[in-house]
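The following questions and answers go through one protein model, with the cut-offs stated where each term comes up.

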Amino acid sequence: MIYLYAVPRALERYKNAKLRGQATYRDHTVRIPAEAVDDRFVQNFGALIRRLSADEPARRMPSRQECRYCDIGAADCPAQVDESSETEAGVTADF
């Protein structure tokens, strides 16, 4: 959808074009109508660009799910959640 938004703004020959697209996966294709690039999409995309280009770093949200894909070691990131850390078992009188 970023391309559908950007191409008409970046390339003069597509200036007034209403582009549609598709995302093709191994087992299916998702068609993207031109109307998908609406005001809400533009606002969300703008908010993303502002967050990415902000002077302040992104808020850290360490989790086992995220940290397992990160190349930064525990020595450089004390907030890192270790894959082998045990989850705390909940205790209840019901079971």
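Q: Is Cys70 buried, partly exposed or exposed?
A: This is a predicted model, in which local features need pLDDT of at least 70 and side-chain atom pairs count only at pLDDT 80 or more, while totals for chains, interfaces and linings use all residues. Residues are numbered from 1 along each chain as its sequence is written, and side-chain values use heavy atoms, with hydrogens and water left out. Buried means under 20% relative accessible area, exposed means over 50%, and partly exposed lies in between, with a 1.4 Å probe and protein chains only. At a relative accessibility of 38%, Cys70 is therefore partly exposed.

Q: How many disulfides does a search of the whole structure find?
A: A disulfide is a pair of cysteine sulfur atoms within 2.5 Å. The sulfur of Cys67 has its closest cysteine sulfur in Cys77, at 6.2 Å, which is too far for a bond. Cys70 is in no disulfide either, since the nearest cysteine sulfur, again that of Cys77, is 6.4 Å away. For the whole structure, the number of disulfides found is zero.

Q: In what order do the elements of the protein run from the N terminus on?
A: Helices (H or I, at least four residues) and strands (E, at least two) are DSSP runs, numbered from the N terminus. The protein has three helices and two strands. Read from the N terminus on, their order is α-β-β-α-α.

Q: Against which elements do the buried residues of H1 pack?
A: Helix H1 spans residues 2-10, and its buried residues are Leu4, Tyr5 and Pro8. They lie on the same side of H1, because they cover an arc of only 105° around the axis, where the arc is that of the directions from the helix axis to the C-beta atoms. The face turned away from this buried side carries the exposed residues Tyr3 and Ala10. With contact meaning heavy atoms within 4.5 Å, the buried residues of H1 pack against strand E1 (21-24), strand E2 (29-32) and helix H2 (39-52).

Q: Which residues do ring pairs link into a cluster?
A: Rings of Phe, Tyr and Trp (its six-membered ring) pair if their centres lie within 6.5 Å, and planes under 30 degrees apart count as stacked, over 60 as edge-to-face and the rest as tilted. The structure holds three aromatic pairs, and one of them is the stacked pair of Phe41 and Phe45, at 5.9 Å centre to centre with 10° between the planes. Phe41 and Phe45 are four residues apart in helix H2, so about one helical turn separates them. The cluster linked by ring pairs consists of Tyr5, Phe41 and Phe45.

Q: What is the relative accessible area of Ala17?
A: Ala17 is found in the loop between H1 and E1. It is 10 residues from Val7 in sequence, and the two lie 9.1 Å apart in space, C-alpha to C-alpha. Ala17 is partly exposed, and its relative accessible area is 29%.

Q: What radius of gyration does the protein have?
A: The radius of gyration is taken over C-alpha atoms, and the globule rule is 2.2 Å times the number of residues to the power 0.38. The C-alpha atoms fill a box of roughly 65 × 40 × 25 Å along the principal axes, and buried residues make up 11% of the 95 residues. Whereas a compact globule of 95 residues would have a radius of gyration near 12 Å, the protein has 21 Å.
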